[in-house]
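Keep the structure open as you read.

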Amino acid sequence: GEGIGSMHAMPLMGDIVLKYPMKVEKYTFVPYIVNGFGIYISDIDEDNNIPNGASITTNTPFLYKLGAGFDFYMIDVVALNFEASYRWTRIKYTGNYAGISANAPGEVNADALYIGGGLKLKY
């Protein structure tokens, strides 16, 4: 089938993080769990496959996140970080077609697994 465009979504959320610092030899290891809530700000860029006068609109859905990770401090101010989390959300959209009185609703499952890492500096 032909697509109607591409969807862009950006999460806006706050996290609650529970940490448990541990000393291992001269290093500090900090495992944690994270629980987050927020919203997805989404938009669809329509391409040329939809008829003239038609448009697609999306809602701003609730977002829930659950994950775990750790910080490994090599020295007091520098840590390696790893985190894995899963985010649950459903983005609803409505197709508004010119000349047709009814709208065409739908839903996108935007659940996602996120895995990341990095370097943390503490000052």
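Gly69 lies in strand S5, which covers residues 62-75. The model is predicted. Start with this glycine, then turn to the rings.

**Gly69 and its surroundings**
- Is Gly69 buried or exposed? Gly69 has a relative accessible area of 11%, so it counts as buried, the cut-off being under 20%.
- Beyond its neighbours within four places in sequence, Gly69 is in contact with Val30, Pro31, Tyr32, Phe82 and Glu83.
- Ala84 is 15 residues away from Gly69 along the chain, yet their C-alpha atoms are separated by 6.2 Å.

**Aromatic pairs**
- The count comes to 7 aromatic pairs.
- One of them joins Phe70 and Phe82, with 5.9 Å from centre to centre and 35° between the planes, a tilted pair.
- This pair links distant parts of the chain: Phe70 is in strand S5 and Phe82 is in strand S6 (residues 78-88), 12 residues apart.
- Phe70 is partly exposed at 31% relative accessible area, and Phe82 is partly exposed at 35%.
- Why is the pair of Tyr86 and Trp88 edge-to-face? The ring planes stand at 65°, which is over 60, and the centres are 4.8 Å apart.
- Tyr86 is partly exposed, at 29% relative accessibility. Trp88 is partly exposed too, at 36%.
- Ring pairs tie Phe37, Phe62, Tyr64, Tyr86 and Trp88 into a cluster.

**Charges over rings**
- Arg87 places its charged end over the ring of Tyr114, 4.0 Å from the ring centre.
- Lys122 lies over the face of Tyr73, 5.0 Å from the ring centre.

Note on methods. Residues are numbered from 1 along each chain as its sequence is written. This is a predicted model: local features need pLDDT of at least 70, side-chain atom pairs count only at pLDDT 80 or more; totals for chains, interfaces and linings use all residues. Side-chain values use heavy atoms; hydrogens and water are left out. Helices (H or I, at least four residues) and strands (E, at least two) are DSSP runs, numbered from the N terminus. Buried means under 20% relative accessible area, exposed over 50%, partly exposed in between (1.4 Å probe, protein chains only). Contact means heavy atoms within 4.5 Å. Rings of Phe, Tyr and Trp (its six-membered ring) pair if their centres lie within 6.5 Å; planes under 30 degrees apart count as stacked, over 60 as edge-to-face and the rest as tilted. A charge sits over a ring if NZ of Lys or CZ of Arg is within 6 Å of the ring centre and within 35 degrees of the ring normal.
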